[in-house]
Amino acid sequence: MRPVKSYIAKRFQNSDAGLSLDTDALARYSDIIDLSIGDTDFITDDAIIDTAFREAKAGYTHYGDPKGDPELIRSVCDAWQTDFKQPLSPDHVLVTASSSMGMALVMLSVLDPGDEVIVFSPYFSLYRTQAELAGGVCVEVPTYASEGWAIDEARLRAAITPRTKLIVFNNPCNPTGMGYDRSTLELLGRVAEEHDLLIAADEIYTTYLYEGDFIPLRTIPGLAHRVITLNSFSKNFLMTGWRVGVAIAEPEILEVMSNINNSLIYTAPSISQRAAIQALAIRQTIREKYVLAYRDRIFYAADRMEQIPYLSLVRPKGTFYLFPGIEKTGLSAEDFCQALLERAHVLVTPGTLFGSTGAGHFRIACTVGLDRLKEAFDRMEGLSF
Ligand SMILES: Cc1ncc(COP(=O)(O)O)c(C=O)c1O
């Protein structure tokens, strides 16, 4: 037999392993504060878990409708109408096993080989692999801390070619914590309209916007037919492990996504979907109980960070992430993160993982309590570079 590795498909033989931090340190120190995890530290609310248990006992343990539990779809439509004042019909909703799956299905549905997908760097790193798995090419449009992570119209236009088919837009944004306002949404709409493009709007941090009301991209007048909205119960409802999300789009696109989904997983988990119905019913309580705790944490972290001379920060508007700059240290993102791990026993993520303009930055996920955050910043404050 040939070496096993030689059986791997050629396109994966040189796969990048991603992070290159020396994580041996994790085993060496017992007092590591881990600020690298993009997962909520809260357990899903009891009311949601209790519903799942009850519904499992009631028999929701089978395959479900491949497009999603009809009751969940109705709840999604009702919630959309109530929260965003836009009618949404059930044929515009597909339940997916997470928004990661939803985005992958979008790429697989709309990209022909060589089609280009625009992402705004820094970006959630799965977008690149999702585009490439679908045969597409990921094109980065840079955004910069020095410009408050704003999307620049000229740079966006310059990136568009005859092969461009899709823009991926994440609002509020992981990793920068940026929340984009109506003028940016209208800009994207204008450009998409002029060049006849689709936009995949990753809005999984919907409730994690701390200034003003969240505006879904598809509610911008005239834009709904171009937008594929990806949402998820992972962050808004602290249900990362349940793997349930929704895609909202034109029925012709959802039809293809659903057909591909049938071959991959068939349906999102039945019990998770029953739990998601309950989650939507108590969404106000969930936001007040948990999401606002993240608001307190990121603004606490931002205040502390602004006191640290070797860091710079664009204050976040949403999510639970901060993306400080480290230019003043003279170190690369990876060397800085390694130093933070060795000298302060604080684990964070190098910005390079999030695309070209992530260089010179690192990401902090405020997924520990205020006491641990305080300890992490006390330690970081004691360092100099
Ligand atoms: C911007 C963004 N999109 C998508 C995801 C994936 O979410 P899901 O759990 O729905 O797959 C994440 C997870 O961290 C994220 O930050």
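Reply: Helices (H or I, at least four residues) and strands (E, at least two) are DSSP runs, numbered from the N terminus. This is a predicted model, where local features need pLDDT of at least 70 and side-chain atom pairs count only at pLDDT 80 or more, while totals for chains, interfaces and linings use all residues. Residues are numbered from 1 along each chain as its sequence is written, and side-chain values use heavy atoms, with hydrogens and water left out.

Me: How many helices and strands does the protein chain have?

Reply: You'll find 13 helices and 12 strands in the protein chain.

Me: And how does the radius of gyration of the protein chain go with a compact globule?

Reply: The radius is taken over C-alpha atoms, and the globule rule is 2.2 Å times the number of residues to the power 0.38. For 385 residues that puts a compact globule near 21 Å, and the protein chain agrees, with 21 Å. Along the principal axes, its C-alpha atoms fill a box of roughly 60 × 55 × 50 Å.

Me: What share of the residues counts as buried?

Reply: Buried means under 20% relative accessible area, exposed over 50%, and partly exposed in between (1.4 Å probe, protein chains only). Here 54% of the 385 residues count as buried.

Me: Where do the contacts come from, in terms of sequence separation?

Reply: A contact means heavy atoms within 4.5 Å. Of the contacts in the protein chain with a separation of 6 or more, 74% are between residues 24 or more positions apart.

Me: Let's take one residue, then. Where does Leu 209 lie, and is Leu 209 buried or exposed?

Reply: Leu 209 sits in the loop between β6 (198-202) and β7 (227-232). Leu 209 is buried, at a relative accessible area of 12%. Leaving aside residues up to four places away in sequence, Leu 209 touches Pro 172, Gly 179, Phe 214, Arg 287, Lys 317 and Gly 318.

Me: Now sheets. What is the strand order in the open sheet of 3 strands?

Reply: Strands of a sheet pair through backbone hydrogen bonds, either parallel or antiparallel. Two strands count as paired if DSSP finds at least two bridges between them. The order in this open sheet is β9-β12-β11, with antiparallel pairing. β9 (321-322) and β11 (349-350) stand at the edges with a single partner strand each, so one side of each has no neighbour in the sheet. β11 pairs with β12 (residues 362-365) over 2 bridges, and Phe 362 in β12 is the bridge partner of Pro 350.

Me: What about the backbone angles: which peptide bonds are cis?

Reply: Most residues other than glycine have a negative phi, and most peptide bonds are trans. Another runs from Asn 174 to Pro 175, with omega near 20°, and Pro 175 is in the loop between β5 (164-170) and α7 (182-195).
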